[in-house]
Amino acid sequence: MNMETGQKMRCRIKNEMQLSFDAISVNEAFARVAVAAFVTPLNPTIEEISDIKTAVSEAVTNAIIHGYDEEFRKREDKEENKVYLCCRIIDDVLQVEVRDTGKGIDDVERAMEPLFTTKPELDRSGMGFAFMEAFMDDLEVQSEPGKGTIVQMKKKLGTTSWIGQEE
């Protein structure tokens, strides 16, 4: 209880994790499971976990397939092909950032249009950003050609953990 105002103080739950992994398709499943495990202290529903896993899967898959495509992998001046994943929990909000240092996106607004794809030959549906936007509460995409892409997503979870809360 706050002595000056007589109000209960809400204890903020804060936690963060960072991972980096090779930009290969088998690591997409690893990223999904890692984020799902990280968010468990917030006691998410099965639907919330499913939404988060889907959004993370789409963001990581985009980084692997589009950020580090075959043309980019052949360049001699490139950095290692890595995907960087950072997750934060602040109170009952999960913040997820997926970053690559790949080829970047020329036109982010167009890339975010449903059904738009630069890889139709790979049977890509062009729904990745649409799924991220539908399953998360907030989505921001920043990209610079030749420098990479940052996808930031937020999801407010319906219930918070009892850990660290005052009555």
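# Rings, loops and a buried strand residue

Colleague: How does Phe131 count, by its relative accessibility?
Modeller: At Phe131 the relative accessibility is 32%. This is a value from a predicted model. Buried would need under 20% and exposed over 50%, so Phe131 counts as partly exposed.

Colleague: Which helix holds both Phe131 and Phe135?
Modeller: Phe135 has a relative accessibility of 26% and counts as partly exposed. Phe131 and Phe135 are four residues apart, about one turn of the helix. The helix in which both lie spans residues 128-135 and is α5.

Colleague: How many aromatic pairs does the model have?
Modeller: A pair needs ring centres within 6.5 Å. By this rule the count of aromatic pairs is two.

Colleague: What is the angle between the planes of Phe21 and Phe30?
Modeller: The rings of Phe21 and Phe30 form an aromatic pair, with 6.0 Å from centre to centre. Edge-to-face requires planes over 60 degrees apart. The pair is edge-to-face, as its planes stand at 90 degrees.

Colleague: What kind of aromatic pair do Phe131 and Phe135 form?
Modeller: The centres of the Phe131 and Phe135 rings are 6.2 Å apart, and their planes make 35 degrees. Stacked needs under 30 degrees and edge-to-face over 60. With 35 degrees between the planes, the pair is tilted.

Colleague: Which residue lies over the face of Tyr84?
Modeller: Here a charge counts as over a ring if, among other conditions, it is within 6 Å of the ring centre. The distance to the centre of the Tyr84 ring is 4.2 Å, and the residue is Arg99.

Colleague: In what pattern do the helices and strands follow along the sequence?
Modeller: The chain has five helices and five strands. Read along the sequence, they give the pattern β-α-α-α-β-β-α-α-β-β.

Colleague: What share of the residues is buried?
Modeller: The chain has 167 residues. Buried residues make up 41%.

Colleague: How does Asn43 count, buried or exposed?
Modeller: Asn43 sits in the loop between α1 (27-38) and α2 (46-67). Its phi is positive, about 55 degrees, although Asn43 is not a glycine. The relative accessible area of Asn43 is 51% and exposed means over 50%, so Asn43 is exposed.

Colleague: How does Asp91 count, buried or exposed?
Modeller: Asp91 is not a glycine either, yet has a positive phi of about 55 degrees. Asp91 lies in the loop between β2 (82-90) and β3 (93-100). At 13% relative accessibility, Asp91 counts as buried.

Colleague: What distance separates the C-alpha atoms of Met17 and Cys86?
Modeller: Met17 belongs to strand β1, residues 14-22, and is buried at a relative accessible area of 15%. Among the residues Met17 touches are Ala34, Val35, Phe38 and Cys86. Met17 and Cys86 are 69 residues apart along the chain, while their C-alpha atoms are separated by 5.7 Å.

Notes:
Residues are numbered from 1 along each chain as its sequence is written. This is a predicted model: local features need pLDDT of at least 70, side-chain atom pairs count only at pLDDT 80 or more; totals for chains, interfaces and linings use all residues. Side-chain values use heavy atoms; hydrogens and water are left out. Helices (H or I, at least four residues) and strands (E, at least two) are DSSP runs, numbered from the N terminus. Buried means under 20% relative accessible area, exposed over 50%, partly exposed in between (1.4 Å probe, protein chains only). A charge sits over a ring if NZ of Lys or CZ of Arg is within 6 Å of the ring centre and within 35 degrees of the ring normal. Contact means heavy atoms within 4.5 Å. Lists of a residue's contacts leave out its neighbours within four places in sequence.
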